[in-house]
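Q: Can you walk me through reading a structure like this one, feature by feature?

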Amino acid sequence: MKICSSDWKLSALVVILTINSFRAFSQSKIPHEIHYVVGCFYNGTTEVQYEFDAEEVLYVDFDREELVYTVPRFMTDDPSKLFENIKVFVNAEKNKKACLAVNSLAKFEERNLTEETDAPESILYPSEEVKLGVENTLICFVNHFYPPHIYVNWTRNDRPVSEGVSLSRYYPNNDQTFHQFSTLTFTPMEGDIYSCTVEHMALDRPLTRIWEAEFSHRSLGPDVYCGVGLTLGLLGVAVGTFLMVKGHHRQ
């Protein structure tokens, strides 16, 4: 078991325990890293998750008292079989109790430390090619922030939007910061302007990104004029030919 050193940022996160970190080998002899991570937070919450090659495959929802599998379906149809011989929830409950003691100790030792923060960055983009009147999803990706508590607000044409909005769990980065996604389901319409605003304690003012749909309109004017001109030209040829034939017969 490894306890992270005191240079960890401890304003919201007290300590992270990495337990049973070991290396496994697949049939192709490729090594894989498996980590069991327990996070203890100042606000009294505890998070437990399994990671496979730095990707989360399972986390514990203590409120619902259940395991939530995030392993991709293409790996296995029933991810619970991968952990059937491991008492994941029971061990998580034990570690949650241990977090209380760790929390108290960390608060005592870090009481006089200056709080460290990292301001978030954000980008706003659609998930698919934008087509007029076709339902799509806007993604507000917020990254590199610490502590892991942000507020995200959406607007459409400067008016607050709540319907169709979702916010993911926050995920850890390798640099001890976090990232999170907020999405908005919408139907692109001409002239609509959307914004995603992020609030975080490390920001001097809210961080806002704006997105506006752009549609390319192809003018039908030249095509219409060309079509009409071609039709009139062909009609003129036909009439001229008819008159020439008729005159020839009169002679």
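A: Start with the elements: helices (H or I, at least four residues) and strands (E, at least two) are DSSP runs, numbered from the N terminus. Glu33, for instance, sits in strand β3 (residues 31-41). The model is predicted: local features need pLDDT of at least 70, side-chain atom pairs count only at pLDDT 80 or more, and totals for chains, interfaces and linings use all residues. Residues are numbered from 1 along each chain as its sequence is written, and side-chain values use heavy atoms, with hydrogens and water left out.

Q: Is Glu33 buried, exposed or partly exposed?
A: Buried means under 20% relative accessible area, exposed over 50%, partly exposed in between (1.4 Å probe, protein chains only). Glu33 has a relative accessible area of 28%, so it is partly exposed. Its C-alpha atom is separated by 4.9 Å from that of Asp53, 20 residues apart along the chain.

Q: Which residues touch the most other members of the largest nonpolar core?
A: A nonpolar core is a set of buried Ala, Val, Leu, Ile, Met, Phe, Trp, Tyr and Cys residues joined through side-chain atoms within 4.5 Å. The largest one has 21 residues, and Leu124, Leu138, Cys140, Trp154, Cys196, Val198 and Trp211 touch the most other members. Two or more residues come from each of β8 (136-145), β9 (151-156), β13 (178-186), β14 (193-199) and β15 (207-212). β8 gives the largest share, four residues. Apart from this core lies another, of 14 residues, including Tyr36 and Val48.

Q: Why is β8 largely enclosed by the rest of the structure?
A: Eight of its ten residues are buried, so β8 is largely enclosed.

Q: How many bridges join β8 to β13?
A: Two strands pair if DSSP finds at least two bridges between them. β8 and β13 pair in the antiparallel sense over eight bridges; Thr137 has Thr185 as its bridge partner in β13. Strand β7 (residues 121-126) also pairs with β8, antiparallel, over six bridges. There, Ser122 is partnered by Val142.

Q: Which residues of the lining lie nearest the centre of the second largest pocket?
A: On a 1 Å grid over the protein atoms alone, a pocket is an open set of points where a 1.4 Å probe fits, with protein on both sides within 12 Å along at least five of seven lines; lining residues have an atom within 4 Å of a point. Here 17 residues form the lining, and Thr45, Thr46, Glu47, Asp63 and Tyr170 lie nearest the centre. β4 (46-52) and β5 (55-61) each give two or more residues to this lining.
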